[in-house]
Amino acid sequence: MDQNNYSSLHGFILLGFSDHPKLEMALSGVVTIFYLITLVGNTAIILASLLDSHLHTPMYFFLRNLSFLDLCFTTIVPQILVNLWGPIKTITFVGCVIQLYVYMWLGSTECLLLAVMSYDRFTAICKPLHYLVIMNPHLCLKMVIMVWSISLACSLVLCTLTMNLPRCGNNILNHFLCELPAMIKIACVDTTAVEMSVFALGIIFVLTPLFLILISYGYIARAVLRMKSKAGQRKAVNTCGSHVTVVSMFYGTIIYMYLQPGNSSSKDQGKFLTLFYSTLTPSLNPLIYTLRNKDMKDALKKLIRVAYESTKMKRKWKS
């Protein structure tokens, strides 16, 4: 570690929305609500898809992974709440490093996982007769392992480059968590090389998967228009519509955050966008996939019924 970074080894000061205390209080309440929705919603999707044998398909295997990923995202929410509520907003150097690496890892994973899910939908709709042969359990597992592994490698490269930038004692982050753009801004050297690395990997991990998703849905749209069955068209649109909504929210935010010139947004705009894709998006994913999916609705009703009957039996046993 560079000697110029010595003073920041003791930790970082997070400014958050310190200029707007009332806004901080309001945001902390909103974040808490969405945090609880994320925990309950994504846990319910994982349990429902595991317990219902009808949902033991590639589509729900990937959906379980997305829900697990969203639950992992919530690990940073308590830190966000502490920084929004607490009078002294600091984070240790080690805590900042862990937060940065994990955050980048999860973000990169979601980019690739959404692309894999679009390929799954493409295979299901465009090649229905060969779907279960192509998307066999072995291939699905390999794809998920590759997604997590490649994303981890990306996180290690970008975060290591960022943390090794000389900061000349600067330890004040104009953010409420240790995020890549905020860490780059406090460097006291020319950061062009690192910013270009971020942009290049952004092309690979954001625009390339998005391009593949658009191609997949181009073929899917053509296949749906050729369907003679209205019920089949409706089912395909409902299933794919959920995925398209999630893709639009996630990629729209990420592209605006990481693939734009460094000084083109206001100082608070990036913070709001970070709140959006770290707390709001993970909480909306279960709602989006559930409201438009009859099978998932039925599985959740079954899960609630089982939980209710189990509670009833426990009460009878105690009495």
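1. **Ground rules.** This is a predicted model, so local features need pLDDT of at least 70 and side-chain atom pairs count only at pLDDT 80 or more, while totals for chains, interfaces and linings use all residues. Residues are numbered from 1 along each chain as its sequence is written, and side-chain values use heavy atoms, with hydrogens and water left out.

2. **Overall layout.** The chain has 11 helices and 3 strands; these are DSSP runs numbered from the N terminus, with helices being H or I of at least four residues and strands E of at least two. Read from the N terminus, the order is β-α-α-α-β-α-α-α-β-α-α-α-α-α. Of the 319 residues, 49% count as buried; buried is under 20% relative accessible area, exposed is over 50%, and partly exposed is in between, using a 1.4 Å probe and protein chains only. Taking contacts (heavy atoms within 4.5 Å) between residues at least 6 apart in sequence, 79% join residues at least 24 apart.

3. **The second largest cavity.** There are 2 cavities of 30 Å³ or more in the structure. On a 1 Å grid over the protein atoms alone, a cavity is a set of points where a 1.4 Å probe fits but cannot get out, a pocket is an open set with protein on both sides within 12 Å along at least five of seven lines, and lining residues have an atom within 4 Å of a point. The second largest cavity has a volume of about 60 Å³, where volume is the space filled by probe spheres set on the points, and grid points are joined across faces, edges and corners. Its lining is made of Met59, Leu63, Met117, Asp120, Arg121, Thr239, His243 and Tyr289. Helix H2 (58-73), helix H4 (93-126) and helix H9 (230-258) are the elements giving two or more residues to that lining, and H4 gives the most, with 3 residues. By class, the cavity lining has 4 nonpolar, 2 polar and 2 charged residues; Ala, Val, Leu, Ile, Met, Phe, Trp, Tyr, Cys and Pro count as nonpolar, Asp, Glu, Lys and Arg as charged, and the others, Gly among them, as polar.

4. **The second largest pocket.** This pocket has a volume of about 500 Å³. It is lined by 19 residues, and the closest to its centre are Met59, Arg121, Lys235, Thr239 and Asp295. The elements giving two or more residues are H2, H4, H9 and helix H11 (294-318). H9 gives the most to the pocket lining, with 5 residues.

5. **Aromatic pairs.** Rings of Phe, Tyr and Trp (its six-membered ring) pair if their centres lie within 6.5 Å, with planes under 30 degrees apart called stacked, over 60 edge-to-face and the rest tilted. The count comes to 8 aromatic pairs. Phe68 and Trp148 have ring centres 6.0 Å apart and planes at 50°, so this pair is tilted. Phe68 is in helix H2 and Trp148 in helix H6 (residues 137-163), so the pair ties together parts that are 80 residues apart in sequence. Phe68 counts as partly exposed at 43% relative accessibility, whereas Trp148 counts as buried at 16%. Phe73 and Tyr103 are edge-to-face, because their ring centres are 5.8 Å apart and their planes are at 85°. That pair links helix H2 to helix H4, tying together parts that are 30 residues apart in sequence, and both Phe73 and Tyr103 are buried. Phe68, Trp105 and Trp148 form one aromatic cluster.

6. **Thr274.** Sitting in helix H10 (residues 269-291), Thr274 counts as buried at 0% relative accessibility. Its side chain makes a polar contact of 3.0 Å with that of Glu179; a polar contact is a pair of N or O atoms within 3.5 Å, where within protein one must be able to donate a hydrogen and the other to accept it, and residues adjacent in sequence count only if both atoms are side-chain atoms. Leaving aside neighbours within four places in sequence, Thr274 is in contact with Tyr103, His175, Phe176, Leu177, Glu179 and Met257.

7. **Leu177.** This residue is in the loop between strand E3 (172-173) and helix H7 (180-185), and Leu177 is buried with a relative accessible area of 1%. Not counting residues up to four places away in sequence, Leu177 touches Leu14, Ile76, Ile80, Gln99 and Thr274.
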